[in-house]
Amino acid sequence: MLRTTRESVCLICRSAATSTRTSAGLEKSWIGLGGGTGRRAFATRGDRERRPGPARMVLSDRSQVARPPSTRDDNVRKPRPAVDGPFAAMNRTTANIKFRPPTIVETRSDRPDGGRDRDRDRKSHDKKGNRFKALNMQRSLTSISYGQRSSTKLKIQTVESFDQFDLLPDLKAAVASEALKGMVDVKPTPVQRLAIPALLGQSFGPKPRRKAAPVEVPRRQEFLLAAETGSGKTLAYMTPIVNALKIAEAEDEAVQAYEKRLAEEKVIREGQPLSAWIETFEPHPNTGRPRVVVLVPTAELVDQVAAVAKAFAHVMRFKVRPLSASYSPLKNHRNLFSNLGVDMIVSTPHLLATVAGSDPYILSRVSHLVIDEADSLLDRSFSPETIKIVDRTMPSLRQLVLCSATIPRRLDNFLAERFPDIDRITTPNLHAIPRRVQLGVIDVSKDPYRNNKNLACADAIWTIGKEAADHEMHGADKGDSDVKRIMVFVNERETTQEVAEYLVSKGIDAVALHRDTSAQRQSEALAAFTSNEPMKVSGEDMVAAKAATAAGKRHLANTKVIVATDLASRGIDTLAVRHVVLYDVPHTTIDFIHRLGRAGRMGRRGRGIVLVGRDDRRDIVAEVKQSMFMGQALV
Ligand SMILES: Nc1ncnc2c1ncn2[C@@H]1O[C@H](COP(=O)(O)OP(=O)(O)OP(=O)(O)O)[C@@H](O)[C@H]1O
């Protein structure tokens, strides 16, 4: 075997590292995860060639089928060109991993049995070995067979536009013009096609030949909306709920009488402000008594979801009041007891439970309760407060909507026990990380990192920045380049600060985000990541970069980095993010889905890079990567 030795230079510390290259052309320090468990999963192709037998992680029958014919001589295979950097391992199809061709990624309807044999996969795994052994052992997610997903309904509901929903005309117009900020030719996403008619009680199925007997609508309806991250779940529940809110308001005599008196008073006062009159004589009948409550886990999400609701409120004329720990108690009190009324509250469960604890009247008229990010809000830390609110609203509740990107087993058990008849609306791609998101793996135990994760992280970010700069050089004006927004996720709060400081010391614009970060700093940091607008490198940054270079230092001008814990991984709509670095291997597949879900939202492409250290679960990472490549649901 031909062996060459070459010098590689770390982008950050510029230290030289010698790496050995085999005739297979694969460098040992940048690796792709392949079909092996433990250490073998990270073996280079060179190692694999020397290995006498197959990898210990036994691939299932499908992969056996997909293997190239046994007559093929591996030695004559064209070597893959070597690529340095963290992307060397991006979903590669030739090295280290025995991937199957796409034809075997079949949907149930593609199969000869029409997908009727639901146990086929399970049986084949059992006979030939367990493909996703590590993930199966962990099993944090509920497995949902294709038959259980709402795929058939989705096929029937060929909805091309929001106009086809039974929504109030103003609301239909407001979806594109306000909630989606003037987007044209807006089509509902799969979860919206499923959930909006269900919540409205609208049917798109074939019309019954005979007139069916009227179906009695139960006094309370319960829905679970489960769909992949960044698929538009917020609008899927918000649109029908705003519709219901306005219909109920039109039927509410107290509100109608109030509106009438207000209009008369306006005429009497000839355009003078009415606030004094409202304050003294006539507070709104909805003061302190919302009809809709939306619960979310964090203050950032309170702001985000309230902004979506306010986009509708502006046109539909209703009052949205966010309650958040980042506001002063006085502001929260004013929001809740505003004399102008409150129709919808967006809050964290803790805050609302505290407020409602001292005033039971607040939750006495809630007709719609949404538990957004239900996988978080019904886990151990949040569930006591969340359930308290569910119980308090039960007497008046007409619709309970749980919304989630994952269905953990705990949530599944809770639903089976507490809401056995809940209508589960699940999209076909639930629990699968979209194939448009690629996952690369960096083995930090190897040269040049030698278990220095900070260095590997900084190196990955520099590579992204340099890649972007090179790209700009070939196309756009050098001085007008876009800023890359990168999220780095760690498992422990304490690590955020340490990693951010290290990145800053390497000339990277990084901030740490955790529960102790001030609300203002959090929202400032997140603003750049949630805005869909392209962001140009500022003149200041260009000057700083030049000054740093002159002083023999380094400054990466075209990237912004947030180092965060799970705080920023749930629900935050980071449309601008294309790159996510998983500094720590996430504890569960639920965390993988949420963290990688910050990139590649709403059909965009994304890249994840996971740093795998000596003590990390390489088998789990390998299986997640393989599932992603195959477009399969994680377990
Ligand atoms: N029909 C649509 N067409 C285009 N964009 C849409 C549509 N519906 C929603 N969006 C946009 O998609 C983005 C993601 O939506 P949203 O935050 O509701 O996703 P999500 O499914 O709740 O994600 P997560 O599970 O991470 O919370 C938002 O910026 C939203 O404005």
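Helix α22 is largely enclosed by the rest of the structure, because 12 of its 13 residues are buried. Here, buried means that 20 or more other C-beta atoms lie within 10 Å of a residue's own, with exposed set at 12 or fewer, partly exposed in between, and C-beta atoms placed from the backbone. Helices (H or I, at least four residues) and strands (E, at least two) are DSSP runs numbered from the N terminus. The model is a predicted one, in which local features need pLDDT of at least 70 and side-chain atom pairs count only at pLDDT 80 or more, while totals for chains, interfaces and linings use all residues. Residues are numbered from 1 along each chain as its sequence is written.

Back to α22, then, which covers residues 618–630. Its buried residues are Arg618, Asp619, Ile620, Val621, Ala622, Glu623, Val624, Lys625, Gln626, Ser627, Met628 and Phe629. The end C-alpha atoms of α22 sit 18 Å apart, which agrees with the 18 Å that its 13 residues should span at 1.5 Å a residue. That expected span is 1.5 Å times one less than the number of residues in the helix. Just after α22 comes glycine 631, with a positive phi of about 70°.

Next come the sheets. One of them is open and built from six strands, in the order β10-β15-β14-β11-β13-β12, with parallel pairing. The edges belong to β10 (437–443) and β12, each of which has a single partner strand, so one side of each is left without a neighbour in the sheet. On average, neighbouring strands here are turned by 20° against each other, direction ignored. Such angles run from 0 to 180 degrees between N-to-C directions, with axes being lines fitted to C-alpha atoms, for helices over the stretch in contact. Two strands count as paired if DSSP finds at least two bridges between them.

Valine 437 stands opposite glycine 606 of β15. In a regular strand, side chains alternate between the two faces of the sheet. In β10, Val437, Leu439, Val441 and Asp443 point one way and Gln438, Gly440 and Ile442 the other way, all of them buried.

What about the ligand? It is surrounded by 21 residues, and the closest are Gly232, Lys233, Thr234, Ala405 and Gly571. A residue counts as near if its C-beta atom, placed from the backbone, lies within 6 Å of the molecule or strand in question. By class, the shell has eight nonpolar, nine polar and four charged residues. For that tally, Ala, Val, Leu, Ile, Met, Phe, Trp, Tyr, Cys and Pro are nonpolar, Asp, Glu, Lys and Arg are charged, and the others, Gly among them, are polar. At least three shell residues come from each of domain 2 (150–203 + 218–426) and domain 3 (437–630), with the bounds taken from an automatic or database domain assignment.

Helix α8 (residues 233–251) gives the largest share of that shell, three residues. It has 19 residues and reaches 28 Å from its first C-alpha to its last, close to the 27 Å expected at 1.5 Å a residue. Among the buried residues of α8 are Lys233, Thr234, Leu235 and Ala236.

Two further buried residues lie in other helices. Arginine 392, in helix α15 (residues 383–393), has 21 other C-beta atoms within 10 Å and is therefore buried. Leucine 377, in helix α14 (residues 374–377), is buried too, with 26 C-beta neighbours inside 10 Å.
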